[in-house]
Amino acid sequence: MTKQESVDFVIKTLNAIYPHIPIPLDHKDPYTLLIAVLLSAQSTDVRVNKITPLLFEIADNPYDMIKLSVEEIRDIIKPVGLSPMKSKGIYGLSKILIEKHDGKVPQSFEALEELPAVGHKTASVVMSQAFGVPAFPVDTHIHRLMYRWNLTNGKNVVQTEKDAKRLFPRELWNDLHLQIIWYGREYSPARGWDLEKDVITNTIGRKSVIKAYFKKKKS
(Lines give C-alpha, C1' and ligand atoms only; values in the text may rest on other atoms or scores of the structure.)
Protein backbone atom coordinates (compact mmCIF):
# COMPACT_ATOMS: atom_id res chain seq x y z
CA MET A 1 0.00 0.00 0.00
CA THR A 2 1.13 3.54 -0.74
CA LYS A 3 1.11 6.10 2.06
CA GLN A 4 -2.03 7.70 0.60
CA GLU A 5 -3.80 4.32 0.39
CA SER A 6 -2.89 3.69 4.04
CA VAL A 7 -4.33 7.09 5.04
CA ASP A 8 -7.53 6.42 3.06
CA PHE A 9 -7.85 2.99 4.70
CA VAL A 10 -7.48 4.51 8.20
CA ILE A 11 -10.18 7.14 7.51
CA LYS A 12 -12.60 4.62 5.95
CA THR A 13 -12.14 2.08 8.77
CA LEU A 14 -12.50 4.61 11.59
CA ASN A 15 -15.63 6.13 10.03
CA ALA A 16 -17.15 2.65 9.79
CA ILE A 17 -16.36 1.79 13.44
CA TYR A 18 -17.13 5.22 14.92
CA PRO A 19 -19.84 6.93 12.83
CA HIS A 20 -20.92 8.76 16.01
CA ILE A 21 -17.96 9.84 18.09
CA PRO A 22 -18.33 10.00 21.86
CA ILE A 23 -16.49 12.81 23.67
CA PRO A 24 -14.08 11.26 26.22
CA LEU A 25 -14.30 13.97 28.92
CA ASP A 26 -17.62 15.08 30.42
CA HIS A 27 -18.12 18.86 30.24
CA LYS A 28 -20.80 21.44 29.50
CA ASP A 29 -18.88 24.47 28.22
CA PRO A 30 -15.34 25.63 27.27
CA TYR A 31 -14.35 26.31 30.90
CA THR A 32 -15.35 22.89 32.24
CA LEU A 33 -13.67 21.25 29.23
CA LEU A 34 -10.45 23.20 29.87
CA ILE A 35 -10.40 22.08 33.53
CA ALA A 36 -11.21 18.46 32.61
CA VAL A 37 -8.43 18.33 29.99
CA LEU A 38 -5.94 19.84 32.44
CA LEU A 39 -6.92 17.19 35.02
CA SER A 40 -6.53 14.36 32.49
CA ALA A 41 -2.73 14.80 32.19
CA GLN A 42 -1.12 11.51 33.25
CA SER A 43 -4.51 10.25 34.43
CA THR A 44 -7.44 8.43 32.81
CA ASP A 45 -10.61 10.00 31.44
CA VAL A 46 -12.65 7.57 33.57
CA ARG A 47 -10.99 8.83 36.74
CA VAL A 48 -11.35 12.47 35.68
CA ASN A 49 -15.07 11.98 34.90
CA LYS A 50 -15.59 10.71 38.46
CA ILE A 51 -13.92 13.76 40.01
CA THR A 52 -15.17 16.65 37.84
CA PRO A 53 -18.82 16.40 39.00
CA LEU A 54 -17.63 16.89 42.60
CA LEU A 55 -15.50 19.89 41.61
CA PHE A 56 -18.05 21.45 39.24
CA GLU A 57 -20.86 21.14 41.77
CA ILE A 58 -18.92 23.65 43.88
CA ALA A 59 -17.25 25.64 41.10
CA ASP A 60 -18.07 25.32 37.39
CA ASN A 61 -16.85 28.80 36.44
CA PRO A 62 -13.73 30.86 37.18
CA TYR A 63 -15.53 33.22 39.58
CA ASP A 64 -16.60 30.40 41.90
CA MET A 65 -13.28 28.59 41.45
CA ILE A 66 -11.20 31.43 42.89
CA LYS A 67 -13.45 31.47 45.97
CA LEU A 68 -11.80 28.16 46.79
CA SER A 69 -8.23 28.01 48.05
CA VAL A 70 -5.56 26.05 46.16
CA GLU A 71 -5.61 23.55 49.07
CA GLU A 72 -9.40 23.05 48.78
CA ILE A 73 -9.10 22.43 45.04
CA ARG A 74 -6.23 20.01 45.68
CA ASP A 75 -8.27 18.00 48.20
CA ILE A 76 -11.09 17.52 45.68
CA ILE A 77 -8.89 16.56 42.71
CA LYS A 78 -6.36 14.41 44.62
CA PRO A 79 -7.51 11.06 43.08
CA VAL A 80 -6.51 12.16 39.56
CA GLY A 81 -2.82 12.57 40.50
CA LEU A 82 -0.39 15.50 40.26
CA SER A 83 -2.86 17.44 42.42
CA PRO A 84 -0.38 20.04 43.82
CA MET A 85 0.55 21.24 40.32
CA LYS A 86 -2.96 20.91 38.85
CA SER A 87 -4.68 22.74 41.73
CA LYS A 88 -2.28 25.69 41.36
CA GLY A 89 -2.89 25.66 37.60
CA ILE A 90 -6.69 25.61 37.97
CA TYR A 91 -6.67 28.47 40.49
CA GLY A 92 -4.11 30.47 38.51
CA LEU A 93 -5.80 30.15 35.13
CA SER A 94 -9.22 30.95 36.64
CA LYS A 95 -7.79 34.19 38.05
CA ILE A 96 -6.25 35.13 34.68
CA LEU A 97 -9.51 34.36 32.82
CA ILE A 98 -11.28 36.87 35.08
CA GLU A 99 -8.54 39.51 34.93
CA LYS A 100 -7.71 39.29 31.22
CA HIS A 101 -10.61 37.60 29.42
CA ASP A 102 -13.84 38.68 31.18
CA GLY A 103 -14.13 35.23 32.74
CA LYS A 104 -14.31 33.53 29.33
CA VAL A 105 -11.99 30.93 27.81
CA PRO A 106 -10.03 32.62 24.98
CA GLN A 107 -10.45 31.27 21.46
CA SER A 108 -6.82 31.27 20.35
CA PHE A 109 -3.93 28.84 20.76
CA GLU A 110 -1.60 31.64 21.88
CA ALA A 111 -3.88 32.95 24.65
CA LEU A 112 -4.67 29.43 25.88
CA GLU A 113 -1.01 28.40 25.99
CA GLU A 114 -0.22 31.48 28.09
CA LEU A 115 -2.46 30.12 30.88
CA PRO A 116 -0.82 28.23 33.79
CA ALA A 117 -0.62 24.43 33.35
CA VAL A 118 -1.99 24.67 29.78
CA GLY A 119 0.30 23.19 27.14
CA HIS A 120 -0.11 22.81 23.39
CA LYS A 121 -2.08 19.54 23.65
CA THR A 122 -4.60 20.97 26.14
CA ALA A 123 -5.00 24.10 23.99
CA SER A 124 -5.54 21.93 20.91
CA VAL A 125 -8.27 19.86 22.61
CA VAL A 126 -10.10 23.01 23.74
CA MET A 127 -9.80 24.69 20.33
CA SER A 128 -11.09 21.61 18.50
CA GLN A 129 -13.78 20.36 20.89
CA ALA A 130 -15.05 23.63 22.37
CA PHE A 131 -14.66 25.99 19.41
CA GLY A 132 -14.56 23.71 16.35
CA VAL A 133 -11.19 25.04 15.18
CA PRO A 134 -9.20 22.38 13.27
CA ALA A 135 -6.50 20.92 15.56
CA PHE A 136 -4.86 17.54 16.02
CA PRO A 137 -4.06 17.00 19.72
CA VAL A 138 -1.64 14.09 20.05
CA ASP A 139 -1.99 11.91 23.14
CA THR A 140 -0.23 8.61 23.91
CA HIS A 141 -2.76 6.59 21.88
CA ILE A 142 -2.35 8.71 18.74
CA HIS A 143 1.44 8.76 19.13
CA ARG A 144 1.52 4.95 19.47
CA LEU A 145 -0.89 4.25 16.61
CA MET A 146 0.66 6.66 14.12
CA TYR A 147 3.94 4.82 14.68
CA ARG A 148 2.36 1.35 14.47
CA TRP A 149 0.66 2.38 11.23
CA ASN A 150 3.98 3.59 9.76
CA LEU A 151 2.63 7.14 9.38
CA THR A 152 5.29 8.78 11.56
CA ASN A 153 8.76 7.88 12.82
CA GLY A 154 7.71 7.97 16.48
CA LYS A 155 10.50 10.40 17.39
CA ASN A 156 8.28 12.69 19.50
CA VAL A 157 4.71 14.00 19.75
CA VAL A 158 5.63 17.23 17.92
CA GLN A 159 6.71 15.22 14.87
CA THR A 160 3.66 12.96 15.14
CA GLU A 161 1.35 16.00 15.14
CA LYS A 162 3.14 17.46 12.10
CA ASP A 163 2.82 14.18 10.20
CA ALA A 164 -0.86 13.75 11.17
CA LYS A 165 -1.65 17.27 9.94
CA ARG A 166 0.28 16.72 6.73
CA LEU A 167 -1.32 13.35 5.93
CA PHE A 168 -4.96 13.80 6.97
CA PRO A 169 -7.35 16.35 5.45
CA ARG A 170 -7.77 19.41 7.67
CA GLU A 171 -11.58 19.16 7.75
CA LEU A 172 -11.30 15.68 9.34
CA TRP A 173 -8.81 16.51 12.13
CA ASN A 174 -11.32 17.21 14.90
CA ASP A 175 -13.24 13.96 14.42
CA LEU A 176 -10.25 11.88 13.45
CA HIS A 177 -8.14 12.54 16.55
CA LEU A 178 -11.05 11.34 18.73
CA GLN A 179 -11.67 8.30 16.52
CA ILE A 180 -7.99 7.30 16.77
CA ILE A 181 -8.08 7.66 20.58
CA TRP A 182 -11.13 5.39 20.86
CA TYR A 183 -9.62 2.90 18.41
CA GLY A 184 -6.35 2.84 20.37
CA ARG A 185 -8.17 2.10 23.60
CA GLU A 186 -10.43 -0.60 22.17
CA TYR A 187 -8.37 -2.32 19.48
CA SER A 188 -4.72 -1.28 19.71
CA PRO A 189 -3.74 -0.73 23.35
CA ALA A 190 -0.16 -0.55 24.64
CA ARG A 191 -0.74 -3.59 26.88
CA GLY A 192 -2.87 -6.65 26.24
CA TRP A 193 -2.77 -5.94 22.51
CA ASP A 194 -4.38 -8.54 20.22
CA LEU A 195 -3.23 -7.93 16.65
CA GLU A 196 -6.01 -10.13 15.23
CA LYS A 197 -8.61 -7.66 16.50
CA ASP A 198 -6.59 -4.66 15.30
CA VAL A 199 -7.64 -4.55 11.65
CA ILE A 200 -5.79 -1.31 10.84
CA THR A 201 -2.36 -2.37 12.14
CA ASN A 202 -2.92 -5.84 10.69
CA THR A 203 -3.48 -4.31 7.24
CA ILE A 204 -1.05 -1.35 7.07
CA GLY A 205 1.18 -1.82 10.15
CA ARG A 206 4.91 -1.18 10.28
CA LYS A 207 6.67 -4.47 9.49
CA SER A 208 9.08 -4.21 12.43
CA VAL A 209 6.17 -3.65 14.87
CA ILE A 210 4.28 -6.71 13.58
CA LYS A 211 7.47 -8.80 13.63
CA ALA A 212 8.15 -7.75 17.25
CA TYR A 213 4.54 -8.59 18.18
CA PHE A 214 4.83 -12.19 16.93
CA LYS A 215 8.29 -12.61 18.42
CA LYS A 216 6.95 -11.57 21.82
CA LYS A 217 3.96 -13.86 21.42
CA LYS A 218 6.20 -16.86 20.79
CA SER A 219 8.43 -16.23 23.79
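Modeller: Buried means under 20% relative accessible area, exposed means over 50%, and partly exposed is in between (1.4 Å probe, protein chains only). This is a predicted model, where local features need pLDDT of at least 70 and side-chain atom pairs count only at pLDDT 80 or more, while totals for chains, interfaces and linings use all residues. Residues are numbered from 1 along each chain as its sequence is written, and side-chain values use heavy atoms, leaving out hydrogens and water.

Biologist: Okay, how many helices and how many strands does the protein have?

Modeller: Helices (H or I, at least four residues) and strands (E, at least two) are DSSP runs, numbered from the N terminus. Along the sequence the pattern reads α-α-α-α-α-α-α-α-α-α-α-α-α. So the count, with those cut-offs, comes to 13 helices and zero strands.

Biologist: What radius of gyration does the protein have, next to what a compact globule would have?

Modeller: The radius is taken over C-alpha atoms, and the globule rule is 2.2 Å times the number of residues to the power 0.38. Those C-alpha atoms fill a box of roughly 55 × 40 × 30 Å along the principal axes. For 219 residues the rule gives a radius near 17 Å, and the protein agrees with that, at 19 Å.

Biologist: Among contacts between residues at least 6 apart in sequence, what share joins residues at least 24 apart?

Modeller: A contact means heavy atoms within 4.5 Å. Among contacts between residues at least 6 apart, those joining residues at least 24 apart make up 60%.

Biologist: How far apart do the centres of the positive and negative side chains lie?

Modeller: Lys and Arg count as positive and Asp and Glu as negative, with His and the chain ends not counted. Each charge is placed at NZ of Lys, CZ of Arg, CG of Asp or CD of Glu. There are 31 positive and 25 negative side chains, and the centres of the two sets are separated by 10 Å.

Biologist: Which residues of helix 8 are buried?

Modeller: Helix 8 spans residues 120–129, and seven of its 10 residues are buried, so the rest of the structure largely encloses it. The cover includes helix 2 (30–39), helix 7 (109–113) and helix 11 (173–186). The buried ones are Thr122, Ala123, Ser124, Val125, Val126, Met127 and Ser128.

Biologist: What covers the buried residues of helix 9?

Modeller: Helix 9 runs over residues 140–148, and its buried residues include His141, Ile142 and Leu145. At its start, a side-chain oxygen of aspartate 139 comes within 3.1 Å of the backbone nitrogen of histidine 141. The cover includes helix 10, helix 11, helix 12 (199–204) and helix 13 (207–218).

Biologist: Which residue's side chain does aspartate 163 join in a polar contact?

Modeller: Aspartate 163 sits in helix 10 (residues 157–167) and is buried, at 6% relative accessible area. A polar contact is a pair of N or O atoms within 3.5 Å; within protein, one must be able to donate a hydrogen and the other to accept it, and residues adjacent in sequence count only if both atoms are side-chain atoms. Beyond its neighbours within four places in sequence, aspartate 163 also touches Met146, Leu151, Thr152 and Asn153. At 3.0 Å, its side-chain partner is arginine 166.

Biologist: Is glutamine 42 buried or exposed?

Modeller: Most residues other than glycine have a negative phi. Glutamine 42 has a positive one, near 55 degrees, and is found in the loop between helix 2 and helix 3 (45–58). With a relative accessible area of 74%, glutamine 42 is exposed.

Biologist: And what is the relative accessible area of leucine 82?

Modeller: Leucine 82 lies in the loop between helix 5 (70–77) and helix 6 (83–101). Its phi is positive too, about 50 degrees. Leucine 82 is partly exposed, with a relative accessible area of 39%.
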